[in-house]
Amino acid sequence: MTSAITYASDVAFTPAVKAVQARKGSREAYAHVEQRGWRTEVDENLAAFLADASSFYLATASADGQPYIQHRGGPKGFLKVLDKSTLAFADYAGNRQYLTQGNLSENAKAHIFVMDYAHRRRVKIWGEARVVEDDPALVQSLFPRGYKARPEQVVLFKILAWDTNCPQHIPQKFDAADVAAVLAQRDERIAELEAEVAALKGAKGD
């Protein structure tokens with residue numbers, strides 16, 4: 001279980017982190033951030049951000065603190081909001097290493113990191129997670145319809161705090177599907193203009 005904290009940001013700003021902030025001169029600024037408060041519930045902005053996400057990273061750690069980061073992907077919105085403090089997703093069958101599940105069986109602490117390269121945005125979510133293996137109805141309710149994968153279980157994520165980062169140093173990248181759609185629109189418009197030009201030339205010939 002997570003120990004009691006004074007501020008939501010204490011989940012990240014541990015005494016050791018605060019000591020480094022003090023030594024490097026940023027503690028006073030982040031003290032104001034603490035008082036202003038990190039968010040602890042899903043709001044409209046976070047819900048919209050997650051609804052548009054097709055990829056995120058899930059970090060866990062073993063009981064002795066060995067970290068592990070796993071990528072999760074799917075159709076946009078596959079990471080779903082169940083309520084103001086709970087996220088969930090259908091976990092697909094993969095390479096059967098079960099590192100994340102093993103970690104969560106002995107250490108519930110977890111972190112979700114969502115990157116939006118196209119708009120140079122990122123969201124960090126601290127919380128606790130658990131795996132649900134014996135609820136087929138829940139699995140099916142969370143599984144993206146028509147997606148080519150085999151759902152195996154569900155991961156439920158209880159939000160403790162979340163925050164955003166500035167866009168500094170985030171490279172701008174675009175999904176291939178989004179680029180293909182824009183290029184298709186461009187090609188369609190070019191074809192229309194070429195047809196208009198041909199028609200005008202034909203009219204002048206008459």
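**Reading charge, spread and one serine in a predicted model**

Me: How many positive and negative side chains does the protein chain have, and how far apart do the centres of the two sets lie?
Reply: In this predicted model, the protein chain carries 26 positive and 26 negative side chains, and the centres of these two sets lie 4 Å apart.

Me: Which elements make up the protein chain, and in what order do they run from the N terminus on?
Reply: The protein chain holds six helices and seven strands, and from the N terminus on they follow the order α-α-α-β-β-β-β-α-β-β-α-β-α. The radius of gyration is 23 Å, well over the 17 Å that the globule rule gives for 206 residues, so the protein chain is more spread out than a compact globule. Along the principal axes, its C-alpha trace spans about 85 × 50 × 30 Å.

Me: Is S105 buried or exposed?
Reply: A residue counts as exposed when its relative accessible area is over 50%; S105 has 63%, and is therefore exposed.

Me: Where is S105 placed, and what does its side chain reach?
Reply: S105 belongs to helix α4, which covers residues 99–106, and its side chain reaches the backbone oxygen of G102 at 2.6 Å. S105 and A129, which are 24 residues apart in sequence, are 9.5 Å apart in space, C-alpha to C-alpha.

Conventions. Residues numbered from 1 in each chain as written. Predicted model: local features only at pLDDT ≥ 70, side-chain atom pairs only at ≥ 80, totals over all residues. Heavy atoms only, no water. Helix = DSSP H or I, 4+ residues; strand = E, 2+ residues; numbered from the N terminus. Rg over C-alpha atoms; globule rule 2.2 N^0.38 Å. Lys, Arg positive; Asp, Glu negative; His and termini not counted. Charge placed at Lys NZ, Arg CZ, Asp CG, Glu CD. Buried < 20%, exposed > 50% of the residue type's maximum accessible area, 1.4 Å probe, protein only. Polar contact = N/O pair within 3.5 Å; in protein donor to acceptor, adjacent residues only side chain to side chain.
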